Amino acid sequence: MTLTPMPTTAGISSMRLAEGAIRTVLITGVSRGLGKALALEMAKRGHCVVGCARSQDKLNALQPDLASATNPPSENKHLLMNVDVSLNSSVEEFARAVMEKKGVPDIIVNSAGTINRNNKLWEVPAEEFDSVIDTNIKGTANVLRHFIPLMLEKKQGVIINMSSSWGRSAAAQV
């Protein structure tokens, strides 16, 4: 189980995970969609999942699924917290809790995201547009702001920022 450091421009070494190496994987937007699927797969492969989402009910429903997916099954291996990534103070509190309970994550997957209802841009209510920007852009920045310094200190880590195809293109009704 060796790691091969890969220098990056940010000064953080990325790493190729050796088969069988156990890692702490932080996933935002863990309560549904790709974040949930990734969390379950990481647990199945034996990794420690640290996840956050805004819905406490969905986090509560995910906890037993993660525990049973873990090999061997474990109630206490993973950490799920109710966090709104659009709020810097919420992410700051999350980072403190993660450090205290699980240490510096080896991998961060920013998968939290939202989208407005399909509409012409000028017909999207300002509050709805703000919510998309706050979660999809500011949320990612808030997570990076609080975890990159920890990864730099450790001199390793992998960061994956996910985006929908709508986030990289334009369409008349989006």
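**Salt bridges, pair by pair**

Guide: Start with Arg45, which forms a salt bridge with Glu41. Their closest N and O atoms lie 2.7 Å apart. Keep in mind that this is a predicted model. Side chains of opposite charge can pair when their charged atoms come close. Now check the surface. Arg45 has 54% relative accessibility, so it counts as exposed, since the cut-off for exposed is over 50%. Glu41 has a relative accessible area of 28%, so Glu41 is partly exposed.

Move on to Asp106 and Lys154. Their side chains meet in a salt bridge, with 3.0 Å from N to O. This pair links distant parts of the chain, 48 residues apart. Asp106 sits in the loop between helix 3 (88–101) and strand 6 (107–110). Lys154 belongs to helix 4, residues 126–154. Asp106 counts as buried because its relative accessibility is 7%, and buried means under 20%. Lys154, at 35% relative accessibility, counts as partly exposed.

Helix 4 also holds the pair Lys138 and Asp134. Their side chains meet in a salt bridge at 3.1 Å, N to O. Why are these two separated by about one helical turn? Because they are 4 residues apart in helix 4. Lys138 is partly exposed, with a relative accessible area of 44%. Asp134 counts as partly exposed too, at 23% relative accessibility.

Last, the total. A search of the whole structure finds 5 salt bridges, including the one between Arg45 and Glu41.

Key:
Residues numbered from 1 in each chain as written. Predicted model: local features only at pLDDT ≥ 70, side-chain atom pairs only at ≥ 80, totals over all residues. Heavy atoms only, no water. Salt bridge = Lys/Arg side-chain N within 4 Å of Asp/Glu carboxyl O. Buried < 20%, exposed > 50% of the residue type's maximum accessible area, 1.4 Å probe, protein only.
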